Amino acid sequence: MGSDVPEGRVLGRVGIDVAGRSHGIGLQSVRLFAALVTSPEGLAGADEVMGFLWPGEDVPRNRLHVALRELRKMVGAEYVSSRTQDFCSISIPPERVDLHRYRMAVGRAKATKKDPHTCFEHVVAAWEEWPEGRALTGLEGAAFRLRRAELDQEWFGAALFGFCVAADAREFDWLFKKTDEVRRTRDRNEMVFFHHLRASQGIGISRKQLLDMIRTWRTENDVKSPELNDLIASLRPASSGRPRAPKAAATPRQLPLPGRNLVGRDAQLRGLERELLARRADGRACVVLLSGMPGVGKSALALELAHRLAPHHPGGHLYAALRGFVGGGVEPAAPEEIIDEFLASFSIRTKATTLEGKAKALRTALSQRSVLVLLDDAVDVEQIRELLPGPGACTVIVTSRNAMKGMRTRLGAAVEAVGLLDAESSRALLEESVDPALSRLIGELVAHCGGLPLALSVTAERIRGLPEEAIAAMVRHLGEERSRLDELHLQEAELSVRLALDNSVGHLTSPARTLLRQLAVHPGPTISWSAAVDLGRVAGGGQAVRPLEELLAAHLIEMPTSGRYRLHDLIRVHARHHMRPEPGDPAVPFLEARTCEAIVAHQLHQVWACDQILDPERRLPIPEPDGCHVQPPPDEHKAMSVLDAEYETSVEVTELAMREGMTRSAWLMAMALVTYLWRRNRYATAERLLWAVRSATDEIEDIGARAMYHRMVAGCQNNEGRYAEAAEQLRAAVDLDEQDTSDGSRLGLARSLLGLAIVLRRLQQATESEEHYVRAMALFKAAENRRGEAAALNGLGTLRCDDGQYDAALAMCADALELAEPAGDRNLTANILTTQGKIRVARAEREPALDAYERATALYRGLDYRSKEAMVLRRRADILKSAGRRVEAIGVLEREVILRELLGDAEQLRIAMADLESLR
């Protein structure tokens, strides 16, 4: 490891060393470093981080960008992410941060708990890394207080684990010393006193002294723990007159052996362990539900968690396979059957014959013990309700493919979603079975498995020991949609993605199965709630709300963001090619054809509703929506937000329409998306879609719409600097508009002439440009279209500015503003103000230029028109730099950097960042 890799400390007082030197960093950088390093995987949401840095303050987001850049200077740009819009992250190697070294040592201890002496060595290493349990010393604020409490709970849970390990390894001297240290701050804790008592007994302290210790401790504390009570009872002499504790029944240890080491679950396991230990300490319901899609690894995660928690439950460990989703005609386990097994595990006999009576007997037995219960593969809440203990020291872990509504609200359980593995963890799992040098093939296998642990496990088993050509053949077969699930089937190992999905689909109602088939036709990547509901009318006018909820509860679809749903690729493949039709299901070919029509119709009307807000004057031959649930957005900002969410889906649906022969709908969709795509700097995407639907242009009867198509293509080319190509398209548009004799055709011609004038100016053909501006303005004026007239006047103003006729240029812009502002066109008003700013700069009128640019910036920001806002910010920064107003220039450039990152404009981002660094 190079000496320039930073070394971080958060256990105790926070500090950073680079190249062997301690940095005297500011408090803000200290707080930012501490917040990120102690966040799961070093990743935190931007809003969360701002709560750490400026508790209770309302500060602009660019302040966070500044703080990140300062930290990058300290520790190195490669270690700190500056993606401030959504999240922040830090990625210092774990061996260089004391907290991560501690966690790795604890993890090694837990992984070797079958060997008490090796396990104890790792416990000692962890304790040396973090001996006192203090962290984030001196950092104030509610967020840090909460984070400190979480770390304290983590340390204490690991300390109790270490005490159990030390006792098992008979390292009583160490155990006595450490429990004595911990008692100074946690003397009232029963488990600390219990372990201290065990250590005292182990090092040979007399019974009299032990009883004195117990009497002293009990003067201020009550004994509630069964473990401590049993130990105290065992120390009382027979002559004390108190009865000895009865000999305990056999303690059940039913947990199955853990499987392979889990990959990519460390952070989730630590969080679950902390949560359950905290609930246990607080006397809250110590029940957790682990739910997720079939094959996501719920049982493996639950088993590993159970083994980590086992040392905290000396009363025993119960395990039951509830057979909720086994399939093959196997019925779920009856609650009474499981209760009988649990009671027998404790050698308890009961006269009860009803489920309710047996459940009471089980709760009574568990109330006197600290028992860990693992209930695997539950089908619903009713199956497990009577298996749960009452108040006490027990912990219950439940797994299910079902979300099991009511677990949180009715039973007070913690609910944890088990998600897919990320690409890095997926690769790590496969690299155990194959030469890591086969990087390309591993990457393709990972992509086909989609982060699903079951798919990855099947793949890992199948490729183990195979030559490269055999693995390449498997990759090819996985790439074929129809055969993909056949490749992910390993009968002899009872591993099969297809069978796992069969079992889940088999529990669905008929409407939910039908909706799942329809969602599999949708091209994705996500679908909105309203679009999914619209699919319900396809299958006989059904209602899709309840089936949608059913699929979500079954984890056959997920909701990555509010109101949007996503189907995993392997579930999509299963629904398209492996779902067996049930009696009453609609015919598949009919259903798929009607579904495609409904998908395209909904998406087209959703995009069009937004486009009419962004460009109210644009007209496309789109019919009124027939049964589509589309809510028009209230304003331009909301319209852009809706289209941000719908962007990828809209592109995919446009391509679906082309594949399915719905060329007219595809053409209309591509046209309706253009305004949004331009505002988001996605000119290349807009042009690609327009060229893809070019063949459909001749099918459009409306000549004006065909002319508009050429204007849209030209707009893309113009914004990418291809002015000659744009001029050719605009001349084609003018020719079509000249032929159009329909009502309103003169407006179309005016717009084509206006576009051509703009491009010709950029081609330095000023005379012809002015002719077209003048002609366009006359047509707009005749049509009483003030917005168009203002745009033409603004264009003429740019020509006057080019000629150095600044007074005339300003006069034209002033006239343009008088027309645009009353019309309420904020985009056009901002364009005119931008022209005014340019003219003022040319006249060396700095303050008026800044005023015009600031007003334009505010308007573009209100419209969420990021590309134009970034352009105007660049001009403002240039003026401020030339005036020596460094602090203001930095603020403007920081906003530009954020916008360039969002726009994906790498070259302009590089320039803005270089300018920003030059001013630091």
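A cavity is a set of grid points where a 1.4 Å probe fits but cannot get out. The structure described here is a predicted model, and four cavities of 30 Å³ or more are counted in it.

**Cavities**

The lining of the largest cavity is formed by Tyr102, Val106, Ala109, Val123, Ala126, Trp127, Trp130, Trp155, Ala158, Ala159, Phe161 and Gly162. Helices α4 (98-111), α5 (116-129) and α6 (142-168) each contribute at least two residues to this lining, and α6 has the largest share, with five. Around the second largest cavity, the lining residues include Leu519, His522, Ile527, Tyr565, Arg566 and Arg572.

In soluble globular proteins, nonpolar side chains tend to be buried together. The largest nonpolar core in this model comprises 123 residues, and Ile397, Leu516 and Trp667 have the most contacts inside it. Helix α28 (residues 663-679) gives the most to this core, namely twelve residues. A second, separate core holds 77 residues, among them Leu36, Trp54, Leu71 and Val182.

Leaving aside residues up to four places away in sequence, Ile397 touches Val288, Leu290, Ala302, Leu305, Ala306, Leu309, Leu372, Val373, Leu374 and Leu375.

Strand β6 spans residues 287-291, and five of its five residues are buried, so the strand is largely enclosed by the rest of the structure. In a regular strand the side chains alternate between the two faces of the sheet. Both faces of β6 are covered: buried residues Val287, Leu289 and Ser291 lie on one side, and Val288 and Leu290, also buried, on the other.

Strand β6 pairs in the parallel sense with β9 (residues 395-400) over five bridges, with Ser291 opposite Ser400. Strand β10 (residues 414-417) also runs parallel to β6 and is joined to it by four bridges; here Leu290 has Glu416 as its bridge partner.

**The three-stranded sheet**

An open sheet with antiparallel pairing has the strand order β13-β15-β14. Strands β13 (527-528) and β14 (558-561) are its edges, each pairing on one side only. Two bridges connect β13 to the antiparallel strand β15 (residues 564-566), where Arg564 is the bridge partner of Ser528. Ile527 of β13 is also one of the residues lining the second largest cavity.

How values were computed. Residues numbered from 1 in each chain as written. Predicted model: local features only at pLDDT ≥ 70, side-chain atom pairs only at ≥ 80, totals over all residues. Heavy atoms only, no water. Core = buried A, V, L, I, M, F, W, Y, C linked by side-chain atoms within 4.5 Å. Buried < 20%, exposed > 50% of the residue type's maximum accessible area, 1.4 Å probe, protein only. Contact = heavy atoms within 4.5 Å. Pairing = 2+ DSSP bridges. 1 Å grid on protein atoms, 1.4 Å probe; cavity = no way out; pocket = protein on both sides within 12 Å on 5 of 7 lines; lining within 4 Å. Points joined across faces, edges and corners; volume = space filled by probe spheres on them.
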